[in-house]
Amino acid sequence: MVGCSQPNEPKEEATKPNIIIIYADDLGYGDVGAYGSTELKTPNIDKLANGGVRFTNGYASSATCSPSRYALLTGVYPWRNDRAKILPGTAPLIIDTARMTIPKMLRAEGYHTGIVGKWHLGLGSGNVNWNEHIAPGPNEVGFDYAYIMAATQDRVPTVYIEDGFVTGLDPDDPIEINYRENFDGEPTGKENPEMLKMKWHHGHNNSIVNGIPRIGFMKGGESAKWVDENMADTFLVRAQKYIIEHKDEPFFLYYALQQPHVPRTPHERFVGSSGMGPRGDVIVEADWCIGELIKTLEEQGVLENTLIVLSSDNGPVLNDGYYDDAVEKLGNHTPSGLLRGGKYSLFEAGTRVPFIAYWKDKIQPATSDAIISQIDIFASLAKLVNSTEKSQDSQNLLDVLMGKSQQGREELILEATTRTALRKGDWILIPPYKGPAKNKMVNIELGNSNEYQLYHLSEDIGQQNNLADTNREKLEEMVDTFKRIRGD
Ligand code: NG6
Ligand code: CA
């Protein structure tokens with residue numbers, strides 16, 4: 001239907017706006033100006049937040065990446081899939097290709113669908129040959145176009161993959177990947193510290209690429225390796241190109257930024273821009289990318305016809321395995337805002353993240369305290385485009401997303417490294433879990449305790465007062481609800 005508009009035809013735009021999900025990696029609730037950050041400036045994200053609905057109770061489905069991304073695309077809780085854990089670069093695809101996904105659902109409604117950025121949902125069916133067509137992957141779960149990094153910026157293979165093929169690969173220098181052992185004679189972060197421009201703190205001492213030690217071993221593929229400092233520009237240009245090429249048809253773009261996940265490698269234009277070292281600098285860089293993307297939508301005349309949802313896959317972490325001054329140069333900045341915990345944590349900062357819905361002139365600026373999860377995006381978008389597709393856990397919160405209703409979810413299961421908690425109304429229940437109270441390496445409280453924990457968020461946003469002993473009635477109600485939803 002490209003560009004063909006008959007005079008009497010009903011307007012497509014009314015029900016088929018372009019849809020963009022901008023998804024940051026490890027961006028915390030307090031990392032954004034519109035969410036209270038005064039030290040770190042994010043003017044472009046703020047523009048979306050202040051011009052759209054800024055959710056104060058918006059949740060990622062998990063406190064880590066792969067589970068959150070699984071839930072986002074499928075509308076299914078990650079704890080229902082025991083493979084939805086932080087994946088190595090060699091993991092097979094964890095989305096069943098028979099399963100309905102947001103891009104499949106939109107494609108059936110006439111959308112062109114694209115992903116640019118971080119994937120981290122596995123590729124292939126085991127034993128991927130990185131020198132051939134890599135499948136199944138994003139193309140097989142609904143994306144017409146895919147330009148991705150396979151896993152994370154700190155994991156091999158450190159190459160871009162476009163529609164199943166590693167870009168810039170020299171067939172005479174094939175890629176080999178192994179997560180168990182090194183290849184003979186290849187340098188590693190552990191054995192060759194003299195080759196490093198960024199030092200590892202924990203983990204991250206395997207193959208060295210671009211002076212940065214990674215997780216996993218890689219051999220070959222020299223011409224295909226990414227330059228970390230150019231990654232933001234590389235993804236941005238692809239995302240812009242995607243918009244320009246598909247502006248005449250409804251499109252869905254999943255723009256999965258790599259920032260501020262480790263290794264934090266701002267382009268030199270942004271080095272020093274935040275005064276907080278690389279972690280702050282890459283957030284400034286990500287914010288700039290978002291501004292440029294919006295400019296492209298404006299220039300192409302499609303901003304008014306584009307719904308933008310912006311969020312993050314999990315909460316913040318400072319030291320996630322490299323020495324990069326994130327702790328030392330933090331100053332007064334609070335990445336978690338007033339929330340307790342961070343990435344990996346069952347406490348609020350693990351999953352409560354910036355969550356913004358922006359649609360120029362269609363969504364009125366507002367702050368919403370409604371509870372909304374990223375798993376609800378599936379059913380809400382289905383409603384928006386008149387699709388009848390449903391998914392197991394996704395609730396249609398289109399009116400909430402559009403700022404027309406404050407009636408969000410009543411109950412939500414939160415997940416962190418396979419442990420789960422319940423949010424119900426203003427209350428949080430964290431069941432007892434074995435394991436350390438704190439991950440000392442990353443210096444984050446995980447939420448583990450031998451006792452039940454019960455918090456009343458409206459009075460205790462920082463989760464300091466455990467009411468499990470004093471409010472037995474509420475505790476019982478919460479435990480019942482938790483068991484009912486979890487099916488225990
Ligand atoms: C952890 C890594 C961490 C990060 C995380 C995944 C170590 C010691 N830590 O295992 O650096 O890569 O996995 O982050 O290796 S996520 O945002 O993709 O979930
Ligand atoms: Ca993440």
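This is a predicted model: local features need pLDDT of at least 70, side-chain atom pairs count only at pLDDT 80 or more; totals for chains, interfaces and linings use all residues.
Residues are numbered from 1 along each chain as its sequence is written, and chains are lettered from A and ligands numbered from 1 in the order in which they are written.

View 1. Helices (H or I, at least four residues) and strands (E, at least two) are DSSP runs, numbered from the N terminus. H1 lies across S2, S13 and S15, and runs at about 70° to S15. Axes are lines fitted to C-alpha atoms, for helices over the stretch in contact, and angles run from 0 to 180 degrees between N-to-C directions. Two residues are in contact if their C-beta atoms, placed from the backbone, lie within 7 Å. By this criterion, and leaving aside neighbours within four places in sequence, Ile356 is in contact with Leu48, Ala49, Gly52, Val53, Arg54, Phe55 and Leu310.

**View 2. The sheet of 10 strands.** An open sheet of mixed pairing has the strand order S6-S5-S4-S3-S12-S1-S13-S15-S2-S16; two strands pair if DSSP finds at least two bridges between them. Strand S6 (165-166) and S16 are the edge strands, each pairing on one side only. Strand S4 (residues 145-149) and strand S5 (residues 160-162) run antiparallel and are joined by three bridges, with Ile148 opposite Ile161 in S5.

**View 3. Strand S1 and its two partners.** Seven of the seven residues of strand S1 (residues 18-24) are buried. Asn18, Ile20, Ile22 and Ala24 point one way from the strand, whereas Ile19, Ile21 and Tyr23 point the other way. S1 pairs with S13 in the parallel sense over seven bridges, and the bridge partner of Ala24 in S13 is Ser312. Pairing of S1 with strand S12 (residues 251-256) is also parallel, over five bridges; here Ile22 stands opposite Tyr255.

**View 4. The largest nonpolar core.** This core has 138 residues, a nonpolar core being a set of buried Ala, Val, Leu, Ile, Met, Phe, Trp, Tyr and Cys residues joined through C-beta atoms within 7 Å. The residues with the most contacts inside it are Ile22, Ala239, Leu253, Tyr255, Leu257, Ile308 and Ile356. Its largest share, nine residues, comes from H5.

**View 5. Helix H7.** Seven of the nine residues of helix H7 (residues 376-384) are buried: Asp376, Ile377, Phe378, Ala379, Ser380, Leu381 and Ala382. They pack against S1, helix H2 (65-74), helix H3 (102-108), S13, strand S16 (366-373) and helix H8 (398-401). Just after H7, Asn386 takes a positive phi of about 65°.

View 6. Antiparallel pairing in the order S17-S18-S19-S22 gives an open sheet. Strand S17 (411-416) and strand S22 (453-456) stand at the edges with a single partner strand each, so one side of each is left without a neighbour in the sheet. The twist averages 20° from one strand to the next. Four bridges join strand S19 (residues 427-430) to S22, and Ile428 stands opposite Tyr455 in S22. Helix H9 (residues 472-486) packs on the sheet, touching S17, strand S18 (419-424), S19 and S22, and its direction makes about 120° with that of S18.

Definitions and conventions: A residue is buried if 20 or more other C-beta atoms lie within 10 Å of its own, exposed if 12 or fewer, and partly exposed in between; C-beta atoms are placed from the backbone.
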